[in-house]
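Visitor: I am new to this structure, so please take me through it step by step.

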Amino acid sequence: MGQAVYGLIGWPVGHSASPAMMNAAFQEMGEPAVYGLFPVQPSRIEAAMAGLAALSIRGVNVTIPHKQAVLPWLSDVSDEARFAGAVNTISVDADSGRMSGHNTDVSGWWKSVSDAQKTPWEAAIVLGAGGAARAIAAALALYSPATRLRIAARNVQKAEEIASGFRDKIAIEAVPWEKRCAAIEQAELVVQATPVGMWPRDGESPVEDAGCFHSGQVVQDIVYRPLETAFLKLAASQGAKTLDGLNMLVHQGAAAIQFWMKRQAPVEVMRTQALAAVGGTPAH
Ligand code: NAP
């Protein structure tokens, strides 16, 4: 038996930290496996999916723009993927070629915040209404349904779409972008899930008033380049506990390994490699 092949399907995939992180994990686990990058143009996703089993590829992560396009190819999808309406991890059965889909952003995000606080969250707010925001709403609906969740987005219609999809599972409401500061003040858990503040525009923050934050809050930015975003600096200046986006990246990768190999992943080794790949020191 040669090495089992895993990888990341997306367009583009060039700047991903995943190969360094996942190959370090495989090595630490003694798994004869390799993780590579598969740049797949949008027009070629069908051909790529049709070829996975034929090429004996054992599993892939899926990123923008393919997270929904892969759904028709899957024999089954997990609750996490169904709730999130998107798949970021696919396992290919070596014998039958059947493919199963999962969304490890859901459990990966949940692990990244539940490591920071063990008691249940009463009130949470997410900034942004894209794929990551939807995965976070899915996580709270699945693992913490007593939390009251607000979603603030510059396009409030998109926040409303997410809210209406989850209303039977969790108390959830959309908040207009202009009212985000007051809504942040009222939340114990604040999650920044827009690309604002991401390198190279790392001076920018989706919130400019430090008065929105206070001590006792946990404030996470899921952007991980840079680790300490302008948004997190503002929250830290008011005594809030801050969490950078690296733990979510590491835990979604660890959950993918668990899904593929039914083995626990070496989280610390992965964190060290991911940190080196994004080039920084943690914000906390
Ligand atoms: P996405 O689907 O493109 O959604 C982005 C959201 O941010 C949309 O609601 C968008 O609003 C909003 N947005 C964009 N620019 C904005 C601005 N200038 N002001 C206010 N809102 C703005 O992206 P995604 O997949 O959710 O990812 C969001 C971020 O999270 C990215 O930076 C990504 O790298 C990061 N991420 C990190 C992890 C991790 O493991 N740490 C995992 C997933 C994602 P419109 O719809 O109006 O454009």
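Guide: A polar contact is a pair of N or O atoms within 3.5 Å; inside the protein, one atom must be able to donate a hydrogen and the other to accept it, and residues adjacent in sequence count only if both atoms are side-chain atoms. The model is predicted, so local features need pLDDT of at least 70 and side-chain atom pairs pLDDT 80 or more, while totals for chains, interfaces and linings use all residues. Residues are numbered from 1 along each chain as its sequence is written, and side-chain values use heavy atoms, with hydrogens and water left out.

Visitor: Which atom of the ligand lies 2.9 Å from a backbone N or O atom of Ile222?

Guide: Ile222 is among the closest of the 21 residues that surround the ligand, where a residue counts as near if one of its heavy atoms lies within 4 Å. At 2.9 Å from a backbone N or O atom of Ile222, however, the ligand places a nitrogen atom.

Visitor: Which elements give two or more residues to the shell around the ligand?

Guide: Helices (H or I, at least four residues) and strands (E, at least two) are DSSP runs numbered from the N terminus. By that numbering, the elements that give two or more residues to the shell are helix 5 (131-143) and helix 9 (246-261).

Visitor: How many residues of that shell are nonpolar, polar and charged?

Guide: Ala, Val, Leu, Ile, Met, Phe, Trp, Tyr, Cys and Pro count as nonpolar, Asp, Glu, Lys and Arg as charged, and the others, Gly among them, as polar. Sorted in this way, the shell around the ligand holds 13 nonpolar, six polar and two charged residues.

Visitor: Between which domains does the ligand lie?

Guide: Domain bounds come from an automatic or database domain assignment. Because both domains give residues to the shell around the ligand, the ligand lies between domain 1 (4-102 + 247-278) and domain 2 (106-245).

Visitor: Which residues are joined by a cis peptide bond with omega of about 10°?

Guide: A cis peptide bond with omega of about 0° joins Trp11 and Pro12, and Pro12 is found in the loop between strand 1 (4-10) and helix 1 (18-29). Another proline, Pro65, sits in the loop between strand 3 (57-62) and strand 4 (76-77). The cis bond with omega of about 10° joins Ile64 and Pro65.

Visitor: Which residue has a positive phi of about 60° although it is not a glycine?

Guide: The place to look is the loop between helix 2 (45-52) and strand 3, where Ser56 lies. The residue with this positive phi of about 60° is Ser56.
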